[in-house]
Every structure is written in structure tokens, then in C-alpha cells.
Amino acid sequence: MGGLLIIIGVVVVMIVLLYFGSKSDVPDEISTQELANQESKPDQNNRSAEIEWLYDEAEMLFEDNGWDEWDKSVHHASGQRSRIERALKYSEGLSVVQYNPVSEYAKIRSKHNYYLVSKHGCSCPDFRERALPCKHMYFLANDLISNDKTRYDEHDNLPSFCEDAILYGLRFMIMGRGQEEVKKYINSHFGSFAASSSFQGVTAIVVADGKETARVAEAKSKNVMTFSFEEFKKLFTEEAE
Ligand SMILES: [Zn+2]
């Protein structure tokens, strides 16, 4: 009798665990979780061929774009595969809204945000945390190869009424002396300002006087993009060198 009760007890606990275990979904984790599940399905051969293809594709895209500051091995680092797959296979609602072939910086729109992206890095939290290529970088690398780069030269993917809005959706922090001019520039291009001591939500930092203070160094150490005002003005304008 006691034994039976224990068995019933164990079964009840297992059902409860299974039920609540399956409910602990974090939205951004779902796709990663789904990808992991797919791996254990019978189609093992197809799946490993696909994974092989994803790695090859990532290597090729970086190489063809000349993003050689990243060693090939970076794509095989832990956690990269799901980022490559999310960018190349699912796109996840991403689009390149601006790209300047001179500065090689892009503004990428995701479902809820805009990011500043280049071969050097990205303004998203994922890149800041890991300092490894994020899905936005893989997406950009793919977009540059799939679409004609010159397509971006004329801003023809920007409606003419918002040509001034090149900084729309991006949030900046200004450091150093002489901030008025920088502020004016950001305002006139529809950018906004973020005040966050942790740099959270800050797209990039513009160092008005170009001086590398301890605070600027701190931002860099946290993988936050920093630009001098001169560099900043050239991000999305098309001044050929
Ligand atoms: Zn990113």
C-alpha cells in the first residue's frame, strides 16, 4: 500500500514537472530550442548536410565580402551555428534599410529595433556580450552578396521624403567637448539620444572632441561602437575618398 502511494506520488510529480517544464518559454529561445530539437529527428543525414552547408556558407560570405578580420574558425565557435541559421535560413524579419559602400556601415531593421552593423561589429546586445559575429552581421554579409552592392549607392531603397532620416531609430550618446554641433547633426537626421550609464540601448557613442577618455575606453571595452564626429558624419553619406 505504501509502495503504491509512493509510485502514484512520483507519477504526479513527473506530470507536474513535464507540464511546467514545457511552459518555460523565453521568446527568443524558441527558435534555438526548435533548432536543437530538429537535430534529434530521424533526418540525421539531411540535417548534418545542412549544417555543413551553413558553415561553408558563413565562411564563404565573410571571405567574399573581404571581412578577413574574422578567422574562419569563428563560425564554429559555440553558439554560432544557430545565429548563422537564423540569419541565412529564416531571416527573422530583418532587412537592410541603408548601406554606405564607402563606410561599409549598414542600418538594419529587425522586428522591434534598428541596429548599426558592419564587418567590425553590431550595436545589438548579443554582439556586446560575446564579441562574436551576431545574426545581423551574417544577415548583412549575405545581403551584400545576394544583392548588388551598387543598389545601395543611390539610396534608392530610402523613400525620398526621408532622405534626412538616415539616423532614424538609432540612439546616440555624446561624449567630450563641443556637443552642440553633434546634437544638431543628430537631430537634423532624426536620430535620438539615449542616456544610460550602462550603455544599454545606446546604438553608438559620438566623441565630439575625439579624445579617448576613460569613459570612452570603458565603452570600447564593452564593445560599444564609438566614432569621432568626422567618422560619424560619413557613416551614411556618400563622400568618396
Ligand atoms: Zn547584432
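Which residue in S2 is the bridge partner of Asn100? In S2, that partner is Tyr105; the points below place this pair in its setting.

1. Basis of the note. The model is predicted: local features need pLDDT of at least 70, side-chain atom pairs count only at pLDDT 80 or more, and totals for chains, interfaces and linings use all residues. Residues are numbered from 1 along each chain as its sequence is written.

2. Overall content. The chain holds nine helices and eight strands; these are DSSP runs numbered from the N terminus, with helices being H or I of at least four residues and strands E of at least two. Of the 241 residues, 26% are buried. A residue counts as buried if 20 or more other C-beta atoms lie within 10 Å of its own, as exposed if 12 or fewer do, and as partly exposed in between, with C-beta atoms placed from the backbone. Among contacts between residues at least 6 apart in sequence, 58% join residues at least 24 apart; a contact requires C-beta atoms, placed from the backbone, to lie within 7 Å.

3. The antiparallel sheet. Four strands in the order S1-S2-S3-S4 form an open sheet with antiparallel pairing, where two strands pair if DSSP finds at least two bridges between them. Its edge strands, each pairing on one side only, are S1 (95-100) and S4 (121-122). Five bridges link S1 to S2 (residues 105-109), and Val96 has Ile108 in S2 as its bridge partner. The hairpin of S1 and S2 has four residues between the strands, and there Glu104 takes a positive phi near 65°.

4. Strand S2 and its other neighbour. S2 is largely enclosed by the rest of the structure, because four of its five residues are buried. S2 and S3 (residues 114-118) pair in the antiparallel sense over four bridges. Ile108 has Tyr115 as its bridge partner in S3. A hairpin with four residues between the strands is formed by S2 and S3.

5. Helix H3. The 21 residues of H3 (residues 44-64) should span 30 Å at 1.5 Å a residue, and the end C-alpha atoms are 30 Å apart, which agrees; the expected span is 1.5 Å times one less than the number of residues. Leu54, Glu57, Ala58, Leu61 and Phe62 are buried in H3. Seen down the helix axis, the buried residues of H3 fall within an arc of 115°, so they line one face; the arc is that of the directions from the helix axis to the C-beta atoms. Helices H4 (80-90) and H6 (135-146) are included in what covers them. The face turned away from the buried side carries exposed residues, among them Trp53 and Asp56. Just after H3, Gly66 takes a positive phi of about 75°.

6. The parallel sheet. A further open sheet has four strands in the order S6-S5-S7-S8, with parallel pairing. S6 (192-193) and S8 (225-228) are its edge strands, each pairing on one side only. S7 (residues 204-207) is joined to S8 by four bridges. Val206 stands opposite Phe227 in S8, and Val207 opposite Ser228.

Terms used. Two residues are in contact if their C-beta atoms, placed from the backbone, lie within 7 Å.
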